[in-house]
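Visitor: Please walk me through this entry, one topic at a time.

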Amino acid sequence: MSNKANKTMEMQGTAAIWPGTTAPQHRLAGVIWQRFRRHRPARWSARVLLLLAMVALLGDFIANEKPLYCQLEGRHYFPVLRQYAVDAGLASWEARFFQKSWREQPYEVVLFPPIPYSAGTIDSANSGCKSPFTTQNTASWRYRHWLGTDRLGHDIAAGMIAGTRVALLVGLIAMSIATLAGILLGALAGYFREGELRVTRIRLLLNLVAFFLAWFYGIETQRFDLAEAAENGNAAAAWLRIFATVAGIFLLANLLARQLERRGWPFLGKRLSLFPDLWVMRLVEVLDAIPGLLLLLAFLAVVQKSSVYYVMVVIGLLRWTGIARYMRAELLKVRNLAYIEAARAMGFSTRRILFRHALPNAIGPVLISVSFGIAAAILLESSLSFLGLGVAAEGTSWGKILSDARENPAAWWLAVFPGGAIFLTVTAFNLIGEGLTRAYSPE
């Protein structure tokens, strides 16, 4: 098929999804962006989220008990940057930094962050919930707790910055998992008609074997390593190792299946019809019938130690059902349009039709659902942390700070600041979802 014919078909597909729009597919992003920018609340919400993302990324340089730069005995140090290498196991601290606190070192030159406290730093001289406006026992205004402290003496400003990172990570990672699962299962359910999806017996058998092997070697055998890594702050590397193990097992299974299929064995090479729509929708109905919070609490009740990483994964595995329904509904509509039929008639492969023509025109409602889903994930994590089931005991999140207000009703700052941050972030994501809804709605 010529390039000109390809462009014509893409424009027809775009017009079918976007009435009144004649721009080719590669220009749709510009059309969506122009429509999104007309929605002022969504535009300002995007700026707020950009600011929160910068705070999360640069949080260690904004609030930290370690200096940004210091000079000791003629040697230059960048402690905040060096801490990243220490966490990765690539470096270690000298004994002098364990013998004295960072504030007591005999610096020749020193530059501290704007907030000279970490989320876990305890200032015993200002314990007992010091208000932001009361007199505080600090050496100078430089060490004042501008948003107050909790009952143990943790700086609330540093905790708010650390909570920003946790909230955005939970929302983005949880919904990334949900989006991948929802798009995959929803596309299978919506695009393939009954009996159209066919696989050989050997491929189906090897994938079933790979599933059990991946569960055993990828999850069960590494569960204790994951718990230990979560305690040491290296859970990200443990999850990456689990993902690599699972993906490698399935990759090897399918490569072996391809080699065996080429041998032409009649029994193992016979194709079987699968019914993805039936199985996916029944699974969606079962999961939607059980309250998500109940499933999440049941899972967290059996793990040895609560961790924000467990919360991310479980939220992601519970939130994919809505995305799958949206994807299925859109592909049920898209697969019968003229440009898809023309692509089939021209002999395009199913993979090319699905990923190049069908999915791009069905992804709009999914993006809207993801935006609202991130807001729901942040709110759910805050609720769990408020109940003491979210982040680990030594961790910090907005919900955990908010839970301290229950024991200290007079400490209004423990409720106002984290509560306001949760409200602002959730509202921003919801307004962005509303802006995307308008952007994807035909004018």
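Guide: A word on naming comes before anything else: helices (H or I, at least four residues) and strands (E, at least two) are DSSP runs, numbered from the N terminus. The model is predicted.

Visitor: How many helices and strands has the protein chain?

Guide: There are 20 helices and 5 strands in the protein chain. Of its 443 residues, 42% count as buried. Among contacts in the protein chain with a separation of 6 or more, 71% are between residues 24 or more positions apart.

Visitor: Let us take the loops. Where does Cys-129 lie?

Guide: Cys-129 belongs to the loop between β3 and α7. Its phi is near 65 degrees, a positive value in a residue other than glycine.

Visitor: Is Cys-129 buried or exposed?

Guide: Cys-129 is buried, because its relative accessible area is 14% and the cut-off for buried is under 20%.

Visitor: And where does Ile-115 lie?

Guide: Ile-115 is also placed in the loop between β3 (109–111) and α7 (156–191). Ile-115 is buried, with a relative accessible area of 14%.

Visitor: Leaving aside neighbours within four places in sequence, what is Ile-115 in contact with?

Guide: With those neighbours left aside, the contacts of Ile-115 are Ile-62, Ala-63, Asn-64, Asp-155, Ala-157, Ala-158 and Ile-161. As for Asn-64, it is 51 residues from Ile-115 in sequence, while the C-alpha atoms are 6.5 Å apart in space.

Visitor: What about Glu-73: where is it found?

Guide: Glu-73 is in the loop between β1 (69–72) and β2 (75–77). It has a positive phi of about 50 degrees although it is not a glycine. At 62% relative accessibility, Glu-73 counts as exposed, since the cut-off for exposed is over 50%.

Visitor: Next, helix packing. At what angle do α16 and α17 pack?

Guide: Helix α16 (residues 338–345) and helix α17 (residues 350–362) pack at about 180 degrees, and their axes are 11 Å apart. That makes α16 roughly antiparallel to α17, as the cut-off for that class is over 145 degrees.

Visitor: Which residues meet there?

Guide: On the α16 side they are Tyr-339, Ile-340, Ala-343 and Arg-344, and on the α17 side Ile-353, His-357, Ala-358 and Asn-361. Sorted by class, this contact of α16 with α17 has 5 nonpolar, 2 polar and 1 charged residues.

Visitor: Which residues in the largest nonpolar core touch the most other members?

Guide: That core has 57 residues, and those touching the most other members are Tyr-191, Met-327, Leu-331, Ile-340, Ala-358, Leu-414 and Phe-429. Helix α20 (residues 413–440) supplies the largest share of this core, 11 residues. A second, separate core has 16 residues, including Val-55, Phe-97, Tyr-107 and Tyr-143. In soluble globular proteins, nonpolar side chains tend to be buried together.

Visitor: What is Met-327 in contact with, leaving aside its neighbours within four places in sequence?

Guide: Met-327 has contacts with Gly-182, Ile-183, Gly-186, Ala-187, Leu-359, Ala-362, Ile-363 and Val-366 on that basis. Met-327 is itself one of the buried residues of α15, which also include Trp-320, Ile-323, Glu-330 and Leu-331.

Visitor: What span should α15 have at 1.5 Å a residue?

Guide: Helix α15 (residues 320–334) has 15 residues and should span 21 Å; its end C-alpha atoms are 21 Å apart, which agrees.

Visitor: How many residues has helix α18?

Guide: Helix α18 (residues 364–386) has 23 residues and reaches 34 Å from first C-alpha to last, close to the 33 Å expected at 1.5 Å a residue. Ser-383 has its place in α18 and counts as partly exposed at 33% relative accessibility.

Visitor: Back to α20. Which helix is Ala-439 in, for the record?

Guide: Ala-439 is found in helix α20. It is buried, with a relative accessible area of 0%. Its C-alpha atom is separated by 5.1 Å from that of Phe-36, 403 residues apart along the chain.

Conventions
Residues numbered from 1 in each chain as written. Predicted model: local features only at pLDDT ≥ 70, side-chain atom pairs only at ≥ 80, totals over all residues. Heavy atoms only, no water. Axes fitted to C-alpha atoms, helices over the stretch in contact; angles between N-to-C directions. Parallel < 35°, antiparallel > 145°, perpendicular 65-115°, else oblique. Contact = heavy atoms within 4.5 Å. Nonpolar A, V, L, I, M, F, W, Y, C, P; charged D, E, K, R; others polar. Expected span 1.5 Å × (residues − 1). Buried < 20%, exposed > 50% of the residue type's maximum accessible area, 1.4 Å probe, protein only. Core = buried A, V, L, I, M, F, W, Y, C linked by side-chain atoms within 4.5 Å.
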